Amino acid sequence: MPTPFTHLLIAQNLLADEMLSPLYRALLHRQLPAFQLGSIVADARVASGVGREVTHFYAYGRPISARPWRLMLRGHPSLTEANDETHLAFLAGYVAHLATDEAWALKMVRPQFWERDWLGVERRDKFLALHLILTVMDERDERLLAGWQAESLARCEPASWLPFMTDDVLRSWRDLVARQIMPAGESETLAIFGRRLKRAPAEIRAALDNPELMRMYLWRHVSPESLAAVERQAYAFTRDQLAVYLTEFMPAPISV
């Protein structure tokens, strides 16, 4: 659910997180472009036209009964054995993405937006509010991305890494995101959200730039403090699930 910029910042923070094993962080640093692409490519479903259940392994309106990344491995057993270290880092990024989205769905979207009644607020305006909170995160996180992110991501070359999305789809998504975060790039978030919401990007921009509109549409229902708390919980959960995945599937180092 968070945008690629937010997922890339989470990946960036994981690289420096001393609560992750140095062995795991060293792998992710060695295979940085693959880890970056893995951390965003689940959302390529938007361009490929497939449903959320195909790339995220859960669907809105149905309970999440098991870790989505485990459902991915169960549904595609070939992914339990990475082709090589680069593929492993890519899958680690994918696991991190699915963990973040799972936490976001369970701790923010469902309890705050879909299951809670916002007195006098129509569903259409709740959907707008959800995209406003995502854009607040998106614009904040884009500014925090390190300078190496764009060039490193653009170098990633997938090699039949997923059985449910082609390399062409992965490359297309790589290029879409990388060009936005290049030094001269421009974010396309508002254009993408505008199409989804059937609203002009300028209308969304006007709400984001108006504190009173933001309070009316969003913050009186979901406070900034609530958002910060969910983000902390989602990050910790993502880190823990990434560690679980690598503990189970990263080959033991060879001792000489």
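**Aromatic contacts and a pocket in a predicted model**

Mentor: F90 counts as buried, because its relative accessibility is 0%. Please bear in mind that this is a predicted model.

Trainee: Which residue does F90 form an aromatic pair with?

Mentor: The partner of F90 is W161, and the pair is tilted, with 4.8 Å centre to centre and 35° between the planes.

Trainee: Is W161 buried or exposed?

Mentor: W161 is buried, as its relative accessible area is 4%; the cut-off for buried is under 20%.

Trainee: What does the pair tie together?

Mentor: F90 belongs to helix α7, whereas W161 is in the loop between α9 (149-154) and α10 (167-181), so the pair ties together parts that are 71 residues apart in sequence.

Trainee: Which residues do ring pairs link into a cluster?

Mentor: The cluster consists of F57, F90, Y94, W161 and F164. In the whole structure, the search finds 8 aromatic pairs.

Trainee: And which charged end sits over the ring of W114?

Mentor: That of R123, at 4.9 Å from the ring centre.

Trainee: Changing topic, what volume does the second largest pocket have?

Mentor: Its volume is about 210 Å³.

Trainee: How many residues line the second largest pocket, and which lie nearest its centre?

Mentor: There are 14 lining residues, and T6, I10, R140, E231 and Y235 lie nearest the centre. By class, the lining has 8 nonpolar, 3 polar and 3 charged residues.

Trainee: Which helices each supply at least two residues of that lining?

Mentor: Those are α1 (4-15), α7 (85-114), α8 (123-144) and α14 (224-249).

Technical notes
Residues are numbered from 1 along each chain as its sequence is written. This is a predicted model: local features need pLDDT of at least 70, side-chain atom pairs count only at pLDDT 80 or more; totals for chains, interfaces and linings use all residues. Side-chain values use heavy atoms; hydrogens and water are left out. On a 1 Å grid over the protein atoms alone, a cavity is a set of points where a 1.4 Å probe fits but cannot get out, and a pocket is an open set with protein on both sides within 12 Å along at least five of seven lines; lining residues have an atom within 4 Å of a point. Grid points are joined across faces, edges and corners, and a volume is the space filled by probe spheres set on the points. Helices (H or I, at least four residues) and strands (E, at least two) are DSSP runs, numbered from the N terminus. Ala, Val, Leu, Ile, Met, Phe, Trp, Tyr, Cys and Pro count as nonpolar, Asp, Glu, Lys and Arg as charged, and the others, Gly among them, as polar. Rings of Phe, Tyr and Trp (its six-membered ring) pair if their centres lie within 6.5 Å; planes under 30 degrees apart count as stacked, over 60 as edge-to-face and the rest as tilted. Buried means under 20% relative accessible area, exposed over 50%, partly exposed in between (1.4 Å probe, protein chains only). A charge sits over a ring if NZ of Lys or CZ of Arg is within 6 Å of the ring centre and within 35 degrees of the ring normal.
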